[in-house]
Amino acid sequence: GFGGLYAALKLAALPWSRLQRPTITLIDASPRFVFLPMLYEAAVGTVAGWEVAPRYADLLASEPLITYMQATATGVDADGGTVTVVPAGGAGAPVALPYDRLVVAVGGKPSMPEGIPGLDTYAYPLHSYEGAVALKGALTAAVAAGRRRRSPAAVVVVGGGYSGVEMATTVASRYGTDVTVSLVTAGDGIMPAAAAASQAAGVAALTAQGVSLVPRTRVAAITAESVTLVNDAGGGGGGGGGGNVVAPADVVVWTAGAVPATAGVPGVSGGAPLVDGKVAVDECLRVPAAPGVYALGDAAAGTGGDAPTAAAAVQQAEVAGWNVWAGLTGRPPLAYAQVYLGEMLTLGAGAASVATPFGVSLDGPSAAAVRRAAYLARMPTAGHRGRVAVSWGTAALLSAVQGLTGWGEAAADGGRKDS
């Protein structure tokens, strides 16, 4: 994810003498890096898969110091200085890779609570490129079925945080009257951690796009055609006054939180207990119980209470990369301190909300343009930024031509390749 890839790129970009040049191995179970803040658009086809989920092999083709390995880390021996990995697909025996320094950036995974019948079978968590492809297929099929029966497809998004609001507005905007969209949240409102301007923009976008907000409600069961909701308010509200309500649901999107993935890598904390599932680190992102090991992003505890965002992971990656380099070249480490950069969220086609650290907020098309430009600048390599810039620029030009002449829809759609 962001933490591991950006730490590797930072480390590779720092000055090394000929004798000090390291071999940097980037291990990930997926063949693709995922630009998570734009995965919503990939799930509805408004951006191409390669734009927001490029293959590591393509991204790192011009990075001679970085070797990508598609594998799953299954354990760390901090005393012996090895990390055990299983090759992709389990096609091979586990391998113990020696390391001089190890950066743990395993990220998070969707929180899928036990005890909800049908959750694992019928819900679509959105946390990977493969998940986005599966969701896109489900939405396309549901919309087609709805057109055949002449009624809109019912889409239920579970979770009222950033991801839920972005997903609900993106689906509603993309499919219009072909869908009804409900946003189910356990709280009273949406995005409790967001800036006030973002909350207001989110509420306005949900209302404008006809998304039904179902507050104080949890999911009890999911089937192929319905979702059972339980209202926890004890009366009133969208969930039915404390009773069970079975609502139609052709597609259920699960965005109700994430948990650290560190539990799947025993030994990662050097034997120290995990803190809420995370590895304890010091101010320099070092793991005190495991010399030579660093942790960041969703995997790390003690980083100042940062929200688990891509922006925080990128900043931590810069510090972790520097500190690995500093430790190997005899320089002093840096302490991590997050700089608040504001927040951005998509609210559908041509709509977004941007809250800056200077108290200035934007919404609407201007915010959407700022968000696109900012995310383009954050793409991991110069080569990928250039390719995406050309693709987005071409798409914008074709859209403008279509708007002026009515021509170009087929050409524009044909240019959005997912490979």
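## Core, sheet and helix packing

In this predicted model, the largest nonpolar core holds 100 residues, and those touching the most other members are Leu5, Phe35, Val155, Met167, Val171 and Val181. Leaving aside residues up to four places away in sequence, Val155 touches Val171 and Val181, and its other contacts include Leu139, Val179, Val251 and Val253. A second core of 15 residues is separate, with Leu119, Val219, Val227 and Ala249 among its members.

Five strands make an open, parallel sheet in the order E7-E14-E8-E9-E10. E7 and E10 each have a single partner strand, so one side of each is left without a neighbour in the sheet. On average, and ignoring direction, neighbouring strands are turned by 25 degrees against each other. E9 and E10 are joined by three bridges in the parallel sense; Val184 stands opposite Val214 in E10.

Helix H7 (residues 162-175) lies across E8, E9 and E14, and runs at about 170 degrees to E9.

The table lists the residue ranges of some of these elements.

| Element | Residues |
|---|---|
| Strand E7 | 123-125 |
| Strand E8 | 153-158 |
| Strand E9 | 179-184 |
| Strand E10 | 212-214 |
| Strand E14 | 251-254 |

Helix H8 (residues 196-208) spans 18 Å from its first C-alpha to its last, close to the 18 Å expected for its 13 residues. Its buried residues are Ser198, Ala201, Gly202, Ala205 and Leu206. These cover an arc of only 135 degrees around the axis, which puts them on the same side of H8. They pack against H7, E9 and strands E19, E20 and E21. Ala196, Thr207 and Ala208, on the other side of H8, are exposed. Gly210 follows H8 and has a positive phi, near 75 degrees.

Conventions
Residues are numbered from 1 along each chain as its sequence is written. This is a predicted model: local features need pLDDT of at least 70, side-chain atom pairs count only at pLDDT 80 or more; totals for chains, interfaces and linings use all residues. Side-chain values use heavy atoms; hydrogens and water are left out. Two strands pair if DSSP finds at least two bridges between them. Helices (H or I, at least four residues) and strands (E, at least two) are DSSP runs, numbered from the N terminus. Axes are lines fitted to C-alpha atoms, for helices over the stretch in contact, and angles run from 0 to 180 degrees between N-to-C directions. Contact means heavy atoms within 4.5 Å. A nonpolar core is a set of buried Ala, Val, Leu, Ile, Met, Phe, Trp, Tyr and Cys residues joined through side-chain atoms within 4.5 Å. Buried means under 20% relative accessible area, exposed over 50%, partly exposed in between (1.4 Å probe, protein chains only). The expected span of a helix is 1.5 Å times one less than its number of residues. The arc is that of the directions from the helix axis to the C-beta atoms.
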